[in-house]
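Hello,

Please have a look at it first and then read on.

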Amino acid sequence: MTTLEIEGLTVKRGRSEVLHQVDLVVREGECVCLVGSNGAGKTSLIEGVLGLLPTKAKTLSFQGESLLGVRPWDRVRRGLVVVPQNRDLFAGMTVEENLRLGAIAAGDRTTADTVLAEIYELFPRLAERAEQLAGTLSGGERSMLAIGRGLMSRPKMLVFDEPSLGLAPLVVTSIMRTIARINERGTTVLLVEQNVHQAFALASRAYVLENGVIAGEGPTDELADSELMRRGYLGSAATGGVVTT
Amino acid sequence: MSTVLQLASTGLLQGLIYSLIGIGLYLVFTVMRVVNFAHGYFVLIGMYGVLSLEPKGFFPFLGAVVVAALGGALVGYLVQRLLLESGLAKGGHSQLVITLSLGIAIQYLFQVLHPEPFETIPNPYPFEAFTSSGVTISAPRMAAGVLSLVLVLAVSFLVYRTRIGTIIRGCSESLNGAIHVGINVRRVYRLTFALGCGLAAVAGGLLLPIQPVSPALGLELTIKAFIVVVIGGAGSLWGTVAAGVLLGLAEALGSLYAPGTFATALVYGLFFLVILVRPQGLVVRAASRIKPAETSTKVGVG
């Protein structure tokens, strides 16, 4: 079954069109990644899918139901949750308040305590800091909290916007391992990353976004060896440091 | 000594009304980042609302205050829904122009409807005054102060102890964060604006028996509400409450040391001083002391 289906998606940021005719499909239970360099339009795609930016699309559906005309918060309530790039935490509230807010509108109130316990088990660090204000957390902890908050409503699909951004390599590895665990437990994942190596290690399929269009797609193991990836990302050093944009 | 005590008690009770007016503005400002220049005019809506219902006796008066409050809230809801929502999405300074013009429109509307200045109603309470240790407080003043305090406590309970309050605080912390957890921020904005305006209108209703109403009063009340919110700081509702009491006390005690209108000038001078010394306000949120709160840039949800 298809969880997220995008066909002919065009996204505008201000007056300029930043995404042109994008097609993308994520099937139930999959872990798909979307890679692209800075400014390729990755975040615009997420914000378009969530309805934060004006979009046009032939098809934009989630679990078989169209999202066109649906308000962003209602898309979240249907189980499409984004872990945003800048985390968008509630800085003046405690870690636990942040987590509980994750389920306040979209989640099931009766299961909130159970899910909270699961998240503390997944991120023991958050349990230690339950009473600490979110604004005082370190980068890695903020990332964990954003993921935990996203999980609180037991979403059908989680979209991660550059979870590795600004984090130390060791922390990135641990966050990626957690994303893999979340996917193994049955949540469909769309991982949007600039860090191709990390993303390809995790995902089974990938899309490559370049200048607002999908430049390539396929299983990650095939795509990793492709001319496109060699040219654009992986082998830029080998080909004389030329990075296409 | 008894003069000081008398003025302090009056100032404290008057200050509690300022606190009530202030938290209405505070909520709208911290949650929606809208500076409502019409806020004082919503106090006028409460005052003229009660005035035109001509309540005779205590219970009709309370009824009139409730009706005026609901009226103020309804007007606020409609203003948010019809005027501000589209303005917010467009960005820029539209909200400034909208709320400022709205205030002036309300003022002239009341000038047409009530050309007589300084209208009031007789004491609706079953008591005349309370006297204790040389201090005499009229019943309407005592009641207005006490009821304002009760309402301030009720609002703080709502904001800090209930589910809807948690949602409201979430929206004020991060608009995008609120959207990401599925909160209907548009509805929260409408409710918050209605609540803020309703609180202003309640305060107006309670104020009417002690302060005669004129259409020009709206601007003065808007400014006082601003002072209270700015002095209080954006950290917590309690800063606003404290600043309201402080303003009431300063006004009352200022008249001890300076004659009439000069005292008023002195009070505002004092607040200049506070702002210079402590521009962040009296109470600052703990997290923002360490790191400035994230400001939301994407308001394109309206």
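A term to start with: pLDDT is the predictor's confidence in each residue, from 0 to 100. This is a predicted model, in which local features need pLDDT of at least 70 and side-chain atom pairs count only at pLDDT 80 or more, while totals for chains, interfaces and linings use all residues. Residues are numbered from 1 along each chain as its sequence is written, chains are lettered from A and ligands numbered from 1 in the order in which they are written, and side-chain values use heavy atoms, without hydrogens or water.

Chain A has a mean pLDDT of 92, with 94% of its residues at 70 or more. Over residues 234-245 of chain A, however, pLDDT stays under 50. For that stretch the model has 16 contacts (heavy atoms within 4.5 Å) beyond four places in sequence. Where pLDDT is low, the predicted coordinates should not be read in detail.

Now to chain B. E85(B) sits in helix α3, residues 58-90 of that chain (helices are DSSP runs of H or I, at least four residues, numbered from the N terminus). With a relative accessible area of 8%, E85(B) is buried (under 20%, using a 1.4 Å probe and protein chains only). The side chain of E85(B) makes a polar contact of 2.8 Å with that of R190(B); such a contact is a pair of N or O atoms within 3.5 Å, where within protein one must be able to donate a hydrogen and the other to accept it, and residues adjacent in sequence count only if both atoms are side-chain atoms.

Enjoy exploring!

Note on methods:
Helices (H or I, at least four residues) and strands (E, at least two) are DSSP runs, numbered from the N terminus. Buried means under 20% relative accessible area, exposed over 50%, partly exposed in between (1.4 Å probe, protein chains only).
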